[in-house]
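Hi there,

Here is the structure I promised to pass on. Have a look through it, and my notes follow below.

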Amino acid sequence: NYEILFNGVDIEQIQQIPPLPTEAPTIFFCGRHEDRKGLRVLIEAFEAMPDNTMLWVAGEGPDTIGLMQQTAGHDRIQWLGRITDEDKFARLRGADVFCAPSLGGESFGVVLIEAMAANTTVVASALDGYRNVATHELNALLAEPGSVDGLARQLQRALDDEAVTVALRSAGMVRAQRFSMSSLVDRYVEIYERLIANEPA
């Protein structure tokens, strides 16, 4: 008999980091700059966002230089390079939307849980790996992978519809607690206690 346990997230640590202030509606991307992560799709979708919207892009990768050249002169896009966990959490808490536009190859959406714990609206691709933690219209908005128009629509909803945003963030906080490090530790304790007592887990 076996049980697959989830990846734990330090909810308390995330929530203790002060949010980074913003002066405009802000979308945050954090990940490797390669085709699989869908950053190119996000940048195209971002073109449809209102002129006062900002995009934070954290991370690096083989596509960084090309995408920076492609967006040269776009003062609404900030290229952050590699950032610390503390800076990531501060930006998650400060941003209006966290976007994970991956095209495939995601087994588990830890970063989505981190965004939910930061009380940030999650917009992501409708991948099986992301569906492990996120449910469309409940605690996140999911778009067809690779669809620029679909992603743009969900981003616009997340920025414009306050009622949807409030509901998603509230449900996201509840969902994040399910994956908290303290919940993971409690489950480990239960399993070991049963093993010590020679009981089936």
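In these notes, a contact means heavy atoms within 4.5 Å. Helices (H or I, at least four residues) and strands (E, at least two) are DSSP runs, numbered from the N terminus. This is a predicted model, where local features need pLDDT of at least 70, side-chain atom pairs count only at pLDDT 80 or more, and totals for chains, interfaces and linings use all residues. Residues are numbered from 1 along each chain as its sequence is written, and side-chain values use heavy atoms, with hydrogens and water left out.

Let me start with helix H5 (residues 110-117). Seven of its eight residues are buried, so the rest of the structure largely encloses this helix. Buried means under 20% relative accessible area, exposed over 50%, and partly exposed in between (1.4 Å probe, protein chains only). The buried residues of H5 include Val111, Glu114 and Met116. They pack against helices H1 (11-16), H4 (85-94), H6 (128-131) and H8 (162-178), as well as strands E4 (97-100) and E5 (121-125). Just after H5, Asn119 has a positive phi of about 65 degrees.

Next comes Gly81, which sits in strand E3 (residues 77-81). With 19% relative accessibility, Gly81 counts as buried. Leaving aside residues up to four places away in sequence, Gly81 touches Val57, Ala58, Gly59 and Glu60. Its C-alpha atom is 15 Å from that of Gln69, twelve residues apart along the chain.

Finally, Ile196 belongs to helix H9 (residues 181-196). Ile196 is exposed, with a relative accessible area of 69%.

Happy browsing!
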